[in-house]
Amino acid sequence: MKRIALWLACVVPLVAASNDSFLLQNVMVHPVSGPDIANGSILVENGKISGVGAGRLSAPKGVRVIDGKGMHAYPGMIDSATQVGLSEIGSVRETNDTNELGDFNPQLKALVAVNPESEHLPVTRANGITSVITLPAAGGGGGMRGGGSTPVIAGQAALIHLDGWTWEDLAVKRSAAMQLIFPSLETRSFRMETMSVARTPFAEVKAAYDKKLKELGDFFETARRYQQAKNGHAPDFKSDLKLEAMIPVLEGKTPVMVVAVRERAIRDAIAFADKQKIRIVLAGPREFGKTLADVKAKNIAVIAAPTLELPLTEDDPYDAAFTLPSEMFKAGIKFAFGSFNVQFARNLPYQAAAATAFGLPYQEALKAVTLNAAEIWGVSDQIGSIDKGKWADLMLTDGDPLEARTHVQRMFIKGREVSLANKHTRLYDKYMNRP
Amino acid sequence: MRHFVAVLFAVAAAAAPVTVIQNATILTITKGTVKNGSIVIRDGKIAEVGDKVSAPAGAQIIDAGGQFVMPGIIDCHSHIAAESINEGSVSVSSMVGIEDVLNSEDIAIYRALAGGVTTANILHGSANSIGGKCSVIKTRWGKDASGLIFEGSTPGIKFALGENPKRSGASTIPGMRARYPATRMGVEDVIREAFNDAKVYQASWRVYREKVKRHENAIPPRRDLKLEPLVEVLEGKRFVHAHCYRADEILMLLRVADDYGFKIRTLQHVLEGYKVAKEIAAHGAGASTFSDWWSYKIEAYDAIPFNAAIMTRKGVLVSLNSDDAELMRRLNTEAAKTLKYGGLSETEALSLITINPAKQLAVDTRVGSIEVGKDADLAIFDKHPLSNYAKVQKVLIDGTVYFDRDKEQSEQVQKDARKKALIEKEKQQQRDEAPRRPAGAPARRPA
């Protein structure tokens, strides 16, 4: 009887406490925003971090205690460019909800097409990634097969958590950015009909480029007139979903994520942003050339192109893609990493590690998959580091999360412990035990 | 005369008879790790390895203090240095071969080298049930096509199963005509039909040779360039490297091979190999897989990153491959993933990209580990190669330094200057030509 009473005494507070409150003790804390804390504690209440410090914080009554002995606590990582949730199987059209038809689709919202049951969510988070920017169209690499051709304004990118019952649960920021795939001048293109690279004369490509740029400018101009008509309560004003969706962009409330790879596109994108007076985040640059100083001078944040890529051209240094992040760092540019991929989104930390091998300081690499991303997407009050007031998006590991050999042992999203099991671990368990 | 001496001296320095790598952590793979050790290289071969080895007088010294030496990485599935990949017009294309289209100037060779790769199996594409012949090369950047060939290696042939040979995507490509097979059933049939023919062809030659032996009058059979490589397969003289994904098709191919009495040397990709690891091990096939590719097509939806580890634990000889000029440059960190996914040891992980693929290609008496007598194909890293922070410093093939990061970096300034000068020259030519050109006329290069 005494034993049962004791058992009850232990269990009752656990039942009474909500499952998004706990005290993590005795853990090596890597807040990212500040120096590491050996033997630290993290107190989480109602999903948010309410205390971080050295030594033992005292647990409020009823809050369970987790012993973090031998483990490291890091903020969950953020992939700043992926299509997780929108694309399931690359080659199967029916499982891809990316690349809608049409050049100008600012009204499209990636969030509403995110499948919370996608196998990619648990697979990606199992390697320490707790949230992602999921993009309405492929751009800057990835090769995901959607329905249409490359659009210009692809729609609204969503910042989502990788755990939740519905897309509403998942949303951290419903419209984190407007995705604009800046027109590019490509004289070489791959033709499926002939399975070969076709060349188009430069003059032809340039004419098409100029036409697209003019259409883009016209679209913004139309949106601005719409905004004025609306604000001025013009008598003939008619509501328009496309143009309505542009208002937060024109007001500077939603940044434009501009995918631009080469120097000319970057230069023209910056000029365009200046002219339109919009806030941009540059995504996927591979060749800055003379624009590097401009990007810094205008304080444009960058979503770095994948580090694990071949050089753009044959005569580039073999390590061109590896060294680019360290060049951005030296130029004083703020950047975060994106996987620009779905199946390899989980390998985001290795993009950062490769940059460190080739000159990027370690702390900067870590920031570029956590805090920098949160700052760039305007959610650093919510996620990106282990600080009081933020969501408890945490991973517990047995080492440095940027190393492939490190295991993510436990994970919390909004203070709730999430499962690290997924399709891959289930098949592993099943077939490892096949007689 | 003085000139002549100078030339002689230069030649002697470039091909120093003895090179010694000193002060390194040596990951031999097959004989443990040597801390603070040396490797003596003589005539392109490893002559001595150990921590108490002294450098002979006059030897060229490579100081690898604080660095790690591992055997040159071997990629069992690559398409670099090949001018063309797929002869996709027929479903049995065994008459074509990669050796005929090797391009020694493909920059991917140098980039692979810079990632520590010294040996690669260059395969035909996967559009055919039975594809073209393959070649094993060393990444000897700067040599011509015949200089790339791994001398004495066993030639191979590519087979392919599943979505690619049944050409699932073909119906969506305008102008592409349907081609048998269009199902996995058809793929099995195409392979059986081909080996049926090969057996008949083989028998016709046997009859002919017996007649010749008996001094009877005999007319030799007409040579069949398509069936010859398949007869070599039946006789164990040519290795089958079979692209496959799903467990059903893997099992199918093993049974076809059993029926016709030949062996599958390696199953390539073999993403569901973990489901039939027992059967693969029983047949004796090797498995060359990706570390963590999945979900890019239906037949890759059950792919798991634990594949290499499960197959290893179930007794299959496993390697990790790239199939990709970019991934090829970092197979060391691909191997590192198996420490996490399935808990392989460091040596097991590194074996996946060294001694195991060497065994799969039957070049393990030459490469794949750091042992006395083997080719001095070595990759020197600044950190442990299983760390994501490691980068390649030097790569040696046959004892010659083919990649040197210090040299690469110090020469970059000159290369940039040379490129700039070429661009400037081109611009100047255009400017020179401009006044002679009527307004609006297109620019033309001077003849």
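Helix H10 of chain A is followed by Gly359(A), whose phi is positive, near 115°; helices here are DSSP runs of H or I with at least four residues, strands are runs of E with at least two, and both are numbered from the N terminus. The structure is a predicted model, in which local features need pLDDT of at least 70 and side-chain atom pairs count only at pLDDT 80 or more, whereas totals for chains, interfaces and linings use all residues. Residues are numbered from 1 along each chain as its sequence is written, and chains are lettered from A and ligands numbered from 1 in the order in which they are written.

H10(A) is mostly covered, with 10 of its 10 residues buried, a residue being buried if 20 or more other C-beta atoms, placed from the backbone, lie within 10 Å of its own, exposed if 12 or fewer do, and partly exposed in between. Among these buried residues are Leu348(A), Pro349(A), Tyr350(A) and Gln351(A). Within chain A, the buried residues of H10(A) pack against strands S6 (77-82), S7 (129-134) and S15 (335-337) and against helices H9 and H11 (362-367), and they also pack against helix H9 (331-340) of chain B.

Helix H9 (residues 320-330) of chain A packs on H10(A) at an angle of about 80°, with the axes 8 Å apart; axes are lines fitted to C-alpha atoms, for helices over the stretch in contact, and angles run from 0 to 180 degrees between N-to-C directions. The two helices H9(A) and H10(A) are therefore roughly perpendicular to each other, a term that covers 65 to 115 degrees, while angles under 35 degrees count as roughly parallel, over 145 as roughly antiparallel and the rest as oblique. To this contact H9(A) contributes Phe322(A), Pro325(A) and Ser326(A), and H10(A) contributes Ala354(A), Ala355(A) and Ala357(A), where contact requires C-beta atoms, placed from the backbone, within 7 Å. By class, five of the residues are nonpolar, one is polar and none is charged; Ala, Val, Leu, Ile, Met, Phe, Trp, Tyr, Cys and Pro count as nonpolar, Asp, Glu, Lys and Arg as charged, and the others, Gly among them, as polar.

Strands S6 and S15 also belong to an open sheet of eight strands in chain A, ordered S6-S7-S8-S9-S12-S13-S14-S15 with mixed pairing, two strands being paired if DSSP finds at least two bridges between them. S6 and S15 of chain A stand at the edges, each with a single partner strand, so one side of each is left without a neighbour in the sheet. Strand S14 (residues 301-304) of chain A runs parallel to S15(A) and is joined to S15(A) by three bridges, and Val302(A) has Phe335(A) as its bridge partner in S15(A).

The contact between the chains takes 31 residues from chain A and 37 residues from chain B. On the side of chain A that touches chain B, the elements giving two or more residues are H10 (348-357) and helix H13 (423-432) of chain A, and this side comprises 18 nonpolar, six polar and seven charged residues.

Chain B contains 12 helices and 16 strands, and buried residues make up 49% of its 447 residues. Within chain B, helix H4 (residues 184-213) and helix H6 (residues 247-260) pack at an angle of about 20°, with their axes 11 Å apart, and H4(B) and H6(B) are therefore roughly parallel to each other.

Technical notes
Two residues are in contact if their C-beta atoms, placed from the backbone, lie within 7 Å.
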